[in-house]
Amino acid sequence: MSPPAPVVLRAEHLGRVADGRALVDDVSFEVRQGDVLAVVGPSGAGKSSLLRLLNRLDEPTAGAVYLDGQDARALPPRELRRRVGMVMQTPALFPGTVAENLSFGPRQRGAALGDGALAALLRQVGLGGFAERGVDRLSGGEARRVAIARAVANEPSVLLMDEPTSALDDVSKREIEALVAEVVRARGLTCVVITHDLAQAARVAGRVLVMEAGRVRRIGPVEEVLRAEGTGS
Amino acid sequence: MLKELVPDPLLLTLAQAAVAGAAALAVALLARARRIHVEKELAIALVRGLAQISAVGSVLLLMLKGPGWLGALALAGMMVAAAATSARRARRVPGAFKVSLQAIAAGSGSVIALMALAGVIDTGVAVLVPVGSMLVANAMNANGLALDRFRSDVVAHLREVESALALGASPEVSVAPWAQSSFRASLIPAIDNLRSLGIVWIPGLMTGMVLSGTPPLRAAIYQFVTIAMIFASSGVTCLVGTTLIRAQAFSPAEQLLLRPGEGR
């Protein structure tokens with residue numbers, strides 16, 4: 001039996017209070033290399049707030065995040081965010097072409113995304129030949145793919161995804177789920193994905209964290225959580 | 001007509017102020033007929049404006065007889081007041097007063113100093129304070145516009161800004177498009193003033209100079225000098241303001257501080 005993969009991302013008693021309200025309260029979990037953790041819960045449960053603490057878009061008011069065993073606060077914010085990529089709920093693409101969007105991240109650290117790497121990345125997200133297309137000419141599903149490719153172009157070790165299929169039709173939803181699975185597998189990414197749908201969590205993740213009112217209600221392997229939540233088949 | 005009725009110069013001035021104020025109040029009464037109630041606000045503003053400008057006139061009268069450094073002191077006081085006014089417009093921007101003060105002082109202060117050194121404006125209190133105050137006031141307006149526009153643009157493009165941050169961009173890069181647009185927008189009034197000078201409007205300074213007997217061409221050229229100085233001072237103010245505000249909009253950990261309420 002092979003040893004378990006190393007823990008890449010660990011949250012310890014993480015909390016955030018804003019405007020006198022606890023958005024995230026004493027949340028602890030860890031994600032091993034190559035694993036996908038789905039964070040599930042109703043609107044207002046604190047899922048997005050939790051995700052923003054993991055790449056320090058917001059500052060935790062309690063607890064800490066560790067990346068490869070190192071306290072995230074010890075890393076320069078830009079370095080942390082390069083290593084912990086994020087795909088927002090609504091793909092906010094920058095004006096310009098798909099290629100310009102994909103090369104944005106590498107450019108920030110003085111690197112260039114070569115033509116070969118760009119083409120390979122676009123093929124991987126099913127957008128071969130889209131490099132010079134303007135982002136204003138993309139469908140909703142295509143924009144999601146570009147947003148995922150843009151985050152991956154930065155070569156992160158962790159990918160955070162905030163409801164990557166929200167507001168998509170069922171067909172596009174399944175396509176994005178398959179794409180996420182493929183990208184995570186092919187690049188050996190560690191992934192935290194937010195969804196409000198337990199069934200989707202079961203399709204994309206190995207482990208599930210259920211949040212309620214900012215706290216962890218349950219965490220464990222998918223089957224176990226589904227059974228406990230009364231939605232298992 | 002007033003001149004014949006009121007021969008005393010001071011009383012004539014007061015009568016002229018009363019007639020102009022009555023015209024403004026008449027507009028308020030017209031508005032009232034359309035159920036727009038601004039009469040109380042306007043009456044207070046008129047009295048307050050008259051009191052303020054009369055006080056300034058009295059202070060100027062005293063300063064004309066005082067030493068030159070009094071003029072610099074008066075301008076410094078105006079800059080602080082301008083920064084406070086400007087910061088109120090952008091009160092949801094952290095550190096707005098400090099940024100405004102630095103920007104206005106840098107913009108109007110540098111232009112006043114340069115122009116005084118170059119001999120473009122007289123360093124006598126009688127010229128330095130009124131001309132300097134025009135630069136400070138316009139710098140204040142431009143700075144207020146720039147900060148307000150920057151804040152509203154960043155809030156309107158929160159997702160783009162945070163997407164850039166999440167991709168490892170610096171705060172400066174992540175808000176660069178909106179710092180540029182706020183700089184451009186804040187200079188529109190100054191550019192329009194320059195563009196329409198003499199065609200759409202004949203500014204007060206030139207009018208005053210002509211009324212006091214300066215040859216119209218000389219008054220016109222001096223007015224151009226003033227408007228160009230206003231543009232320069234507003235431009236430097238906005239440049240400094242939009243540069244400083246970018247730093248104020250983020251925490252030391254490069255987190256955007258302009259986000260409205262949380263709780264997703």
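In strand β4 of chain A, A:Y66 is the bridge partner of A:R10. That's a handy way into this predicted model, where local features need pLDDT of at least 70, side-chain atom pairs count only at pLDDT 80 or more, and totals for chains, interfaces and linings use all residues. Residues are numbered from 1 along each chain as its sequence is written, while chains are lettered from A and ligands numbered from 1 in the order in which they are written.

Helices (H or I, at least four residues) and strands (E, at least two) are DSSP runs, numbered from the N terminus. Strands count as paired if DSSP finds at least two bridges between them. Here's how β1 of chain A pairs up:

| Strands of chain A | Sense | Bridges |
|---|---|---|
| β1 (residues 7-18) and β2 (residues 21-32) | antiparallel | 8 bridges |
| β1 and β4 (residues 62-67) | antiparallel | 5 bridges |

Along β2(A), A:V31 partners A:L9, and A:F29 stands opposite A:A11. β1(A) and β2(A) make a hairpin with 2 residues between them, and A:D19 in the turn has a positive phi of about 50°.

Now for where the chains meet. With contact meaning C-beta atoms, placed from the backbone, within 7 Å, 27 residues of chain A touch 19 residues of chain B. The largest share of chain A's side, 4 residues, comes from α2(A).

Over in chain B, helix α3 (residues 39-64) has 26 residues, and none is buried, so this helix lies largely in the open. (Buried means 20 or more other C-beta atoms within 10 Å of the residue's own, with C-beta atoms placed from the backbone.)

Key: Buried ≥ 20, exposed ≤ 12 C-beta atoms within 10 Å, placed from the backbone. Contact = placed C-beta atoms within 7 Å.
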